[in-house]
Amino acid sequence: MLDLQRLRALHAVSVHGTVGAAAAALGYTPSAVSQQIAKLERETRTVLLERRGRGVRLTEQAEQLACTAQELLAIVERAETELEERRGMPAGRLTVAAFASAARGLLPAVLADLATRHPALDTRLTEVDPHLSVDLVARGAVDLAVAHDWDISPLPAPPGVEQAVIGDDLCDLLVPAGHPFAGRASVRREDLGGQRWICQPPGRVCHDWLVRTLRAAGSEPDIVHQAEENPTLIALVAAGLGVALIPRLGRGALPEGVVEVPLDPLPVRRLYALWRAGAARRPAIAETVRTLQSHWPTVSTHP
């Protein structure tokens with residue numbers, strides 16, 4: 001008899017790629033996930049993970065078993081949805097994936113609100129890149145994702161995934177206090193050429209938006225510093241090392257020496273909640289989406 005929790009651990013490794021990432025998504029320790037898979041190997045008398053450098057890879061037999069696990073977990077999810085729907089109250093475990101600034105600026109209040117009003121609902125948050133989170137929803141690795149797109153880069157929703165708009169997050173140009181733009185009421189995108197830029201690494205939505213926007217305006221961005229987190233980008237601006245485009249959500253108060261200058265037109269990224277088709281029947285999904293939308297006006301105002 002195969003243990004469902006051990007199959008869940010194998011499926012998580014298949015989806016997230018590493019034992020550590022799988023553990024973070026499941027809310028376990030890496031050693032606990034490794035133990036679950038080791039027990040599954042003994043039960044099936046099959047090697048499921050092979051060492052590759054510092055990481056692991058699934059064997060061919062493990063890939064097949066992970067596909068079966070996904071089917072079984074989908075059946076369990078449908079059963080849980082039907083039970084929860086009959087009770088009419090949000091309950092059970094709900095896994096949520098969100099990008100960094102939403103995890104910092106929106107989710108804490110939302111999760112606290114849900115915990116207060118629905119004590120039978122156990123929400124679990126994982127911070128991931130927005131494009132990765134969509135795939136995690138489609139593959140059943142998480143129940144709900146908070147992702148975003150930009151005005152010139154729509155977020156693709158794969159078949160079988162539904163979405164609802166949470167709200168629009170505005171983005172401002174941040175410059176050092178002594179910068180020529182610091183005293184202006186606004187700056188046009190066509191005027192952004194020739195700046196030393198600070199932004200996230202390639203592959204991140206913000207980086208791609210900056211490159212596409214400046215190229216469309218006729219200039220090639222000179223990206224001199226790259227960092228993952230917005231607080232780091234802002235600290236680099238404060239040190240006078242360049243300019244940056246930073247969304248308002250989760251940004252917080254600006255440090256001394258950093259000036260916010262509106263762009264004309266203002267860049268906008270739209271936040272979405274995404275879930276698997278049909279899962280909206282589950283009260284936990286519907287209530288979490290409503291709570292995200294109800295909290296948005298309180299966090300979307302100018303800091």
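Is R45 buried or exposed? R45 is exposed, with a relative accessible area of 79%; exposed denotes over 50% relative accessible area, buried under 20%, and partly exposed the range in between (1.4 Å probe, protein chains only). The views below come from a predicted model, in which local features need pLDDT of at least 70, side-chain atom pairs count only at pLDDT 80 or more, and totals for chains, interfaces and linings use all residues. Residues are numbered from 1 along each chain as its sequence is written, and side-chain values use heavy atoms, with hydrogens and water left out.

View A. R45 has a positive phi of about 55 degrees although it is not a glycine. This residue is found in the loop between α3 (30–44) and β1 (49–52); helices (H or I, at least four residues) and strands (E, at least two) are DSSP runs numbered from the N terminus. Elsewhere, D264 and P265 are joined by a cis peptide bond, with omega about 0 degrees. P265 lies in the loop between β12 (263–264) and β13 (268–276).

**View B. Buried face of helix α9.** In α9 (residues 230–238), the buried residues are N230, L233, I234 and V237. Seen down the helix axis, these residues fall within an arc of 95 degrees, so they line one face of α9; the arc is that of the directions from the helix axis to the C-beta atoms. They pack against α5 (100–105), β6 (161–176), β8 (196–199), β10 (244–247) and β11 (258–261). Just after α9, G240 takes a positive phi of about 80 degrees.

**View C. Largest nonpolar core.** This core has 26 residues, and those with the most contacts inside it are L106, L107, V146 and L292. A nonpolar core is a set of buried Ala, Val, Leu, Ile, Met, Phe, Trp, Tyr and Cys residues joined through side-chain atoms within 4.5 Å. Helix α10 (283–299) gives the most to this core, with 5 residues. Leaving aside neighbours within four places in sequence, L106 is in contact (heavy atoms within 4.5 Å) with residues including I166, L271, L292 and W296.
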